[in-house]
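Me: I would like to learn how to read strands, helices and cores in a model. Can we go through one together?

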Amino acid sequence: MTIVLGFEGSANKIGVGIVQDGKVLSNPRRTYITPPGQGFLPSDTARHHRSCILEVLKEALEEANLQAREIDCVAYTKGPGMGAPLLSVAIVARTVAQLWKKPLLGVNHCIGHIEMGRLITGAVNPTVLYVSGGNTQVIAYSEHRYRIFGETIDIAVGNCLDRASRGAGLHAGGGGAYFSRRAAGKTFVELPYTVKGMDVSFSGILSHTEGLYGPTYLQGLISS
């Protein structure tokens, strides 16, 4: 049996999870929340992570009912993500690995999400549409590694929604839920986007929306 302690802090959420042979034993988290209409800056996010990461680590061990000596490996998010938060968490992970004399493993953020999905769903060899705040990619496993077959050439879908929602006076990241709800109600607005082979471009959606309708229209559409 292998027990791995993992640190994740690539954006505004800091988490420490413990997994034993595919079974999640604990996964406490803290989220850095900014005032409405504001995004989270890397320096402030890193400060938040540093202030609570040891507390979250303690919670993870207590929830899993484990001692440091029972951990076999320490893992941490190596990237991609926001530089300052990543660095602050990596320093703690490396320090813990050295103090506990455990091997240290850097994990690719995107692959971590994919493997988590494979673990939960039981998918054997999936083709993945990876969509997040900073990434929009079509990924599949080929020749012993994950490969990107198509991706956004400018901004990710999540970033596009965040920026549109901030323009409409919503909390950063909160606009996605409103847009999804309106789409479920079949309230559609025709917007341009570009497809180049397997790659896509979403910046036209954002600029066209802001230029044609403006924040006032967006706010009215979302609130209705």
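Reply: We take the strands, then the helices, then the cores of this predicted model.

Me: How do strands of a sheet pair?

Reply: Strands of a sheet pair through backbone hydrogen bonds, and the pairing is either parallel or antiparallel. Start here with strand 5, residues 73–79. Strand 1 (residues 3–8) runs parallel to strand 5, joined by four bridges. Leu5 has Val74 in strand 5 as its bridge partner. Strand 6 (residues 104–108) also runs parallel to strand 5, and five bridges join the two. There, Gly79 is partnered by Asn108 of strand 6.

Me: Is strand 5 mostly covered or mostly uncovered?

Reply: Mostly covered. Six of the seven residues in strand 5 are buried, meaning under 20% relative accessible area.

Me: What unit do strand 5, helix 2 and strand 6 make?

Reply: A β-α-β unit, and a right-handed one. Helix 2 spans residues 83–100.

Me: In what order do the three strands of the open sheet come?

Reply: The order is 7-8-9, with antiparallel pairing. Strand 7 (127–131) and strand 9 (145–151) are the edges, each pairing on one side only. From one strand to the next, the twist averages 30°. Five bridges link strand 7 to strand 8 (residues 136–142) in the antiparallel sense. Leu129 stands opposite Val138 of strand 8.

Me: Which strands does helix 3 lie across?

Reply: Strand 7, strand 8 and strand 9. Helix 3 covers residues 109–121 and runs at about 125° to strand 7.

Me: Now the cores. Where do nonpolar side chains tend to go in soluble globular proteins?

Reply: They tend to be buried together. In this model, the largest nonpolar core has 23 residues. Leu5, Phe7 and Ile18 have the most contacts inside it. At least two residues each come from strand 1, strand 2 (13–20), helix 1 (42–64), strand 5 and helix 2. Helix 1 gives the most, with seven residues.

Me: Which residues is Ile18 in contact with, leaving aside neighbours within four places in sequence?

Reply: Among them are Ile3, Val4 and Leu5. The contacts of Ile18 also include Val24, Leu25, Ala60, Leu61, Ala64, Leu66 and Ile71. Lys23 and Ser26 are in contact with Ile18 too.

Me: Which residues does the second, separate core include?

Reply: Ala164, Phe179, Phe202 and Leu206 are included in that core of eight residues.

Notes. Residues numbered from 1 in each chain as written. Predicted model: local features only at pLDDT ≥ 70, side-chain atom pairs only at ≥ 80, totals over all residues. Heavy atoms only, no water. Buried < 20%, exposed > 50% of the residue type's maximum accessible area, 1.4 Å probe, protein only. Pairing = 2+ DSSP bridges. Right-handed = clockwise from strand over helix to strand, strands pointing away. Axes fitted to C-alpha atoms, helices over the stretch in contact; angles between N-to-C directions. Contact = heavy atoms within 4.5 Å. Core = buried A, V, L, I, M, F, W, Y, C linked by side-chain atoms within 4.5 Å.
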